[in-house]
Every structure is written in C-alpha cells, then in structure tokens.
Amino acid sequence: MPPESIPADILERAARIKLAVFDVDGVLTDGHLWYSEDGHELKAFHVHDGLGLKRLLANGVEVAIITARISHLVAQRMADLGVAHVYQGQENKRACFEQLLNALQLKDEQCSYTGDDLPDLAVMSRVGLAIAVANAHP
C-alpha cells in the first residue's frame with residue numbers, strides 16, 4: 001500500500017511505535033502445524049517477514065514475540081534475527097505484555113501488536129496500533 005493511501009491517523013500512531021509485538025503461528029508462519037514422523041514440529045517462516053523484523057530493529061524499534069506455544073524453532077529463528085524479547089508458553093498474553101511494558105518503561109500507545117486470532121485480542125485492544133493479518137479470524 002503506498003504511504004499516501006494510508007490514513008493520517010494510522011501514520012501518526014505508527015510514528016509513535018517503540019515496540020512491535022508479534023504472535024507467531026498464523027502471523028510469522030502460515031499457521032499450519034507440521035509434524036514429522038518422529039514427532040518433531042516443523043514451521044515455515046517467510047524471509048520477507050524476517051527482513052521486516054530486522055529493519056524494525058535497525059531503525060530503533062524493539063521487537064518482541066508473545067506466543068502461547070513453545071517451539072525450539074521459534075527460539076532459533078528469533079535468535080537468528082536478533083530478536084531478544086521472546087516469550088513462549090504465554091497463555092495470558094496480556095499479563096506478559098504488561099510485564100514487557102514495565103521492563104522497557106513504555107506506554108500502551110508506544111506499542112503495536114500483530115495477531116490473527118482470539119487470544120491476541122486482549123493485547124490488541126490495548127496497544128496504540130493493532131494489526132490483524134489478512135487471513136485473521138474475523
């Protein structure tokens with residue numbers, strides 16, 4: 001979407017973002033849960049998303065992951081990208097988000113959250129810029 005077609009209020013909110021938080025499954029992956037014959041979980045991450053996360057970090061925006069699932073693959077991918085704030089196994093995403101805000105001394109309006117499903121709503125309702133991926137749950 002060309003910048004001139006983005007509503008001014010969204011651009012203003014985006015300019016205040018100091019922390020971008022992301023769910024993983026369905027946001028940074030295609031949402032499928034793949035298992036190998038020996039029971040290992042597989043995930044597909046897109047390189048474009050990785051570049052986006054690296055660009056946020058390079059431009060002074062902190063990046064965090066808050067996900068309910070636990071996966072070594074997520075830890076490895078985020079380490080490869082230089083993402084330091086990785087919170088897995090978080091059934092209460094809102095509580096995790098509050099702890100992260102306190103640790104970084106940020107306010108809700110300085111944060112964005114990208115999600116795709118009902119468990120993400122608790123955080124999305126608080127942040128300055130809530131983003132739902134194209135195939136998110138209505």
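These questions and answers cover how terms are applied to parts of this predicted model.

Reader: What are the ground rules for the values?
Author: This is a predicted model, where local features need pLDDT of at least 70, side-chain atom pairs count only at pLDDT 80 or more, and totals for chains, interfaces and linings use all residues. Residues are numbered from 1 along each chain as its sequence is written, and side-chain values use heavy atoms, with hydrogens and water left out.

Reader: Why are α2 and α3 called oblique to each other?
Author: Helix α2 (residues 47-58) and helix α3 (residues 72-81) pack at about 50 degrees, with axes 10 Å apart. Helices here are DSSP runs of H or I with at least four residues, strands are E runs of at least two, and both are numbered from the N terminus. Axes are lines fitted to C-alpha atoms, for helices over the stretch in contact, and angles run from 0 to 180 degrees between N-to-C directions. Under 35 degrees counts as roughly parallel, over 145 as roughly antiparallel, 65 to 115 as roughly perpendicular, and the rest as oblique. Therefore α2 and α3 are oblique.

Reader: What makes the contact between α2 and α3?
Author: From α2 come Val47, Gly50, Leu53, Lys54 and Leu57; from α3 come Arg77, Met78 and Leu81. Contact means heavy atoms within 4.5 Å.

Reader: How do the residues of the contact of α2 with α3 divide into nonpolar, polar and charged?
Author: Five are nonpolar, one is polar and two are charged. Ala, Val, Leu, Ile, Met, Phe, Trp, Tyr, Cys and Pro count as nonpolar; Asp, Glu, Lys and Arg as charged; the others, Gly among them, as polar.

Reader: What makes β5 and β7 edge strands?
Author: The open sheet has five strands in the order β5-β4-β1-β6-β7, with parallel pairing. β5 (85-87) and β7 (129-132) each pair on one side only. The twist averages 15 degrees from one strand to the next.

Reader: How do you know that β6 pairs with β7?
Author: Pairing takes at least two DSSP bridges between two strands. Four bridges join β6 (residues 111-115) to β7, and these strands run parallel. In β7, isoleucine 131 is the bridge partner of threonine 114, and alanine 130 stands opposite tyrosine 113.

Reader: What joins β1 to β6?
Author: Four bridges do, and the two strands run parallel. Alanine 20 stands opposite serine 112 in β6.

Reader: Why does aspartate 116 count as buried?
Author: Buried means under 20% relative accessible area, exposed over 50%, and partly exposed in between (1.4 Å probe, protein chains only). Aspartate 116 has 15% relative accessibility, so it counts as buried. Its place is in the loop between β6 and α5 (121-124). Not counting residues up to four places away in sequence, aspartate 116 touches Asp23, Asp25, Gly26, Val27, Val133, Ala136 and His137.

Reader: What makes β6 mostly covered?
Author: Five of its five residues are buried. Cys111, Tyr113 and Gly115 point one way from β6, and Ser112 and Thr114 point the other way.

Reader: Is glutamine 105 buried or exposed, and why?
Author: Glutamine 105 has a relative accessible area of 71%, so it is exposed. Glutamine 105 lies in the loop between α4 (93-104) and β6. Its phi is positive, about 55 degrees, although it is not a glycine.
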